[in-house]
Amino acid sequence: MSPHDRDFLTACLVVILAIFVFGACLMMPMRGDLIESPAIFPGFMSVVLFTFGVAYALRSLSRGGRIKPGQLFRSVVLVFTSEQNRLTLLGIFFPAIYVFVAIPLIGFYISSALFMTLMFYAYVKRWRRWLFLPVSVGVTVGLYLIFNRLFMLQIW
Amino acid sequence: MDWAQMLTGLAKAFWELSTPYGLFLITVGVSVGIFGGALPGVSTTMTVALLAVVTYKMDPLWAIVMLSATQLGGTYGGSISATVLNIPGTPASAPTAIEGFQLAKKGEAEVALGINVFTSFMGNNLGLIMLLVTMPFFVKLSMMFGPWEMFWFGIFGVFIAANLSEGDNLKGLIAATVGLILGCVGLDSIDGSPRFAFGTTYLVGGIPLIPAMIGLYGFTEVFSGLTDISVKSFPLKKTSLIGAAKLWWKYRWLSVRTSILGYIIGVAPGIGANVSCWVGYDHAKSTSKEPEKFGKGSIEGLIGSETCNMANVPGAYAPVLSLAIPGDAPTAIMLGILMIHGVRPGPTFLLTNPHWLYEIAMALFIGGILFVVIGTYAGKGLVRMFVNTPRTAMSAMVAVLCALGSYAANININDIFLAFFFGVLGVVMSALGFPVSPLVLGLILGGDLLDVQFRRALLAGKGSITPFFTRGVSIALILFIVAIVFYQYILPAITKGKKKDRTVILE
């Protein structure tokens with residue numbers, strides 16, 4: 001997919017987002033006059049976003065941007081298969097497990113110590129392996145002392 | 001203005017604050033401020049609020065001296081984590097994260113921190129001079145700021161946002177508009193209706209700024225750094241404070257200009273350092289001879305944002321002492337502390353108690369000297385730790401700090417999810433060539449400034465938009481915005497067109 005094709009696709013998504021925001025504004029409660037409506041500012045912004053989206057689409061069209069379904073599918077496949085993207089996706093996947101699964105299930109500090117230890121084991125080559133657990137636990141205890149004891153925040 | 005009275009007052013204040021007790025309070029304030037500001041999720045406001053607890057039994061003047069030193073330290077402290085970890089410790093250090101972290105990647109973390117500390121010191125001092133000299137004038141000016149003028153100020157911010165994009169202004173404007181819409185999420189502050197909450201209780205509270213920024217800057221960096229074993233660690237070029245001072249001297253006029261901007265924004269109630277840092281950054285970018293360096297580790301960008309940010313601190317004291325209107329959140333806490341002690345600032349307060357102004361000015365001055373010392377050593381220690389740690393290990397620790405920072409701001413687990421979502425959004429935006437900074441500025445300007453002031457202005461004008469274009473200060477702001485648009489967008493387009501024509505002829 002060329003940069004102009006990608007721009008055109010993004011512009012279409014921006015226009016759809018603007019229409020969605022405008023629709024959500026229409027559903028907001030209306031009390032009194034129009035100027036008192038909570039929808040007036042976001043509604044106005046959605047019109048501005050729509051205008052920018054159309055300008056962006058026209059610009060990419062004038063530069064040869066098009067949506068070609070076959071190419072779109074190949075680009076999506078490429079996102080998951082190229083070496084660089086695979087590394088970035090892994091970089092998102094591990095923190096996602098930590099944020100969405102570990103923290104809600106076993107609490108912040110234990111999951112943080114575990115996350116750091118596992119990440120050190122997986123990707124850190126310069127340190128001696130026996131250091132991984134003490135460093136993770138040390139950092140976690142340090143954070144606990146600062147945030148829970150010094151700043152008296154209730155983090156678990 | 002009675003210059004003799006001012007100089008005598010300042011000398012007396014310096015003498016009083018130079019006592020062991022005074023120096024102790026300022027040192028504690030600055031140290032706690034730097035520490036709190038540098039911790040992701042612990043904002044300057046939170047640090048001031050936490051330290052305010054220990055000031056209840058103090059003399060009110062000493063309490064304000066300590067808290068103003070805390071505010072100063074916190075404002076600077078945010079730039080340490082922004083530079084070293086790419087996590088803005090406070091919202092006002094977001095532009096520092098852009099340039100400082102890029103410098104750190106090139107091995108110039110010490111240079112960046114040296115510039116931060118020195119320009120912050122100079123910004124603070126220039127702001128103090130302006131506070132002492134121009135306070136009566138700017139207080140009168142701030143009285144003329146109604147919702148119409150605040151709205152135009154917000155519009156000015158939107159044009160700044162567009163200029164923050166690297167090359168493609170349209171993408172910057174789209175990102176800023178999305179930010180403005182996201183800023184409207186939550187309970188409407190005038191009507192009380194939920195907006196874009198989609199039936200969830202979490203979104204009724206709005207999109208919290210700190211988790212959003214931690215996600216956009218911190219998590220985005222984690223995602224790329226966690227699995228990237230090709231970079232072992234960042235290099236380090238050593239520098240001294242004198243080296244930083246020399247660099248500051250090279251850009252001294254930029255520093256003076258952004259100090260004036262920062263001070264003016266500080267005086268205007270309700271805008272604060274979160275906006276002023278971007279104004280300073282944008283001014284540095286607009287006037288730079290090397291705008292292509294912005295976003296890749298620009299010294300001018302650092303100086304512009306840090307000086308403007310710090311000059312904002314003294315500016316915020318002008319409305320709080322003379323009108324009892326806080327310029328920003330930390331000064332609002334200080335106003336509360338004063339009221340707890342039975343001190344009521346107002347129009348006649350400084351006439352009867354001029355020593356308050358001198359004591360606060362001196363506390364900020366001495367605090368400035370102390371944060372140069374403390375900040376330099378704290379920063380150097382962090383930089384050493386940063387460069388000696390493998391990048392993947394650092395990314396894992398930063399991920400934990402990002403989660404903790406998002407969580408600590410409101411003790412809400414959903415904030416961590418939100419920060420993660422913004423991190424992914426940052427990666428997607430970066431892949432599509434959209435800058436994230438306009439989105440952040442849009443988020444800052446959207447809910448509290450543009451939306452609220454726009455509707456307040458409409459309500460005050462009974463639905464009429466005429467006052468937007470007829471009030472004196474509004475007209476001045478419109479002319480200012482038109483000038484900015486002309487110089488930043490129209491003039492470069494004309495010049496580019498002429499250059500193209502010339503190329504064609506030559507060909």
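Modeller: One term to start with. A nonpolar core is a set of buried Ala, Val, Leu, Ile, Met, Phe, Trp, Tyr and Cys residues joined through C-beta atoms within 7 Å. Also, this is a predicted model.
Colleague: Okay. Which residues touch the most other members of the largest nonpolar core?
Modeller: Ile26(B), Ala396(B) and Cys402(B) do. That core holds 198 residues.
Colleague: Which helix gives the largest share of this core?
Modeller: Helix 17 of chain B, residues 354–388. It supplies 16 residues.
Colleague: New topic. How many helices and strands does chain A have?
Modeller: Six helices and zero strands.
Colleague: Is chain A compact or spread out?
Modeller: Chain A is more spread out than a compact globule, because its radius of gyration is 24 Å. The globule rule gives 15 Å for 156 residues, and 24 Å is well over that.
Colleague: What box do its C-alpha atoms fill?
Modeller: Roughly 60 × 50 × 20 Å, along the principal axes.
Colleague: How much of chain A is buried?
Modeller: Buried residues make up 28% of its 156 residues.
Colleague: And what share of chain A's contacts with a separation of 6 or more comes from residues 24 or more positions apart?
Modeller: Those pairs account for 63%.

Notes:
Residues are numbered from 1 along each chain as its sequence is written. Chains are lettered from A and ligands numbered from 1 in the order in which they are written. This is a predicted model: local features need pLDDT of at least 70, side-chain atom pairs count only at pLDDT 80 or more; totals for chains, interfaces and linings use all residues. A residue is buried if 20 or more other C-beta atoms lie within 10 Å of its own, exposed if 12 or fewer, and partly exposed in between; C-beta atoms are placed from the backbone. Helices (H or I, at least four residues) and strands (E, at least two) are DSSP runs, numbered from the N terminus. The radius of gyration is taken over C-alpha atoms; the globule rule is 2.2 Å times the number of residues to the power 0.38. Two residues are in contact if their C-beta atoms, placed from the backbone, lie within 7 Å.
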